[in-house]
Amino acid sequence: MEGRTHISVYHGIGGVEQLEIFGHVLDLGPLPTMRYSRFPLFNMIALLRLFMVKPRQGAQVQLVWEGQTITAVTESDGFFHMQWVPEKMPEPGDHVVEVMVTNVEESPVTRAMGVVIIPHRSQFGCISDIDDTFLISHSAAMLKRLHVLFTRNARTRKPFEGVVNHYQLLSDAINKTRLPRPFFYVSSSEWNLYAYIREFCRMHGLPEGVFLLSQLKPLHKLLKSGQQHHGTKFTRISRILKHYPHMRFILLGDDTQEDPHIYEAITKHFTTQIVAVYLRHVRNSRYAATQEIADVISGRGIPCCYFKHSREAIAHSKKLGLIA
């Protein structure tokens, strides 16, 4: 909303002992969403609007959970992160919370709803990259990537053939007797693109999940979208694994940027928690180096599938018994 404080609340997570949720407080939020269009100019303007934000540092935010008040203060980029230990852990499922800003004199009080997702104890969960893992993005070629970003929108972008089917099978969504297996989407794309990516996932039927994206970017850094913060990806994935020590995970990525190196490091530090690793082959120039990393991962007793087409990944998952 323009002209007043804006809160963006993202899907939070619940682990063995604690709950957490995060978001941004902005003095200037993304302007009202434009209608989806096939005209490149409209899509360019819509993308620019996602980066026309002004973070608010030092905003006090709070939520109330069953009589317990949880507070946090936003960082320089407007980001807040609230963690708390409930008296009793709630049942698996989606739990709605309301987050409000308490030190801004506005009427009505600025508030927004969020969801804390508590996964059931499934056989495994999935941690997936986004760009060039399931969303065709041309991450390795900056001009191509920017062309796609600027001229298309969340409803005209395309996933790789077969990838939605693979993810749906991994999530076990067809099994109506229990909640789907949890999905976490960890990407170098910025929080500016959160609604954009979620709409893409919704449109194509990708599993609902928790998103852990990179630091919010101002408009003048738009041309560097998705090109930084690979280093923090290891930290974000580590947090998930530590949050769910009882659960094992599948890692899904690609060879366009740093996924192979990051996933190799993850399998080294969390060997017993990783069920399998999937790496999509996109860049021919990276083939030999990525195959070498895949062999290192396999040498640790963790199946690693380096594939060109999702049908290969599906066949591999069936062979391992990960999907029916």
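Glu190 and Lys217 form a salt bridge, their closest N and O atoms lying 2.8 Å apart, where a salt bridge is a side-chain nitrogen of Lys or Arg within 4 Å of a carboxyl oxygen of Asp or Glu. The pair links distant parts of the chain, since Glu190 belongs to strand β10 (residues 183-190) and Lys217 to the loop between β11 and α5, 27 residues apart; helices (H or I, at least four residues) and strands (E, at least two) are DSSP runs, numbered from the N terminus. Glu190 is buried, at 0% relative accessibility, and Lys217 is buried too, at 4%, where buried means under 20% relative accessible area, exposed over 50%, and partly exposed in between (1.4 Å probe, protein chains only).

The model is predicted, so that local features need pLDDT of at least 70 and side-chain atom pairs count only at pLDDT 80 or more, while totals for chains, interfaces and linings use all residues. Residues are numbered from 1 along each chain as its sequence is written, and side-chain values use heavy atoms, with hydrogens and water left out.

In total the structure holds ten salt bridges. Glu199 is buried, with 12% relative accessibility, whereas Arg155 is partly exposed at 37%. Glu199 also meets Arg202 in a salt bridge (2.9 Å, N to O); these two residues are three apart in helix α4, and therefore about one helical turn separates them. Arg202 is exposed, with a relative accessible area of 51%. Elsewhere, Asp129, Lys233 and Asp259 are linked in a network of salt bridges.

Turning to the cysteines, the count of disulfides, pairs of cysteine sulfur atoms within 2.5 Å, comes to zero. Cys126 is in no disulfide, the nearest cysteine sulfur being that of Cys201, 13 Å away, which is too far for a bond. Cys126 is buried, with a relative accessible area of 0%, and Cys201 is buried as well, at 4%.
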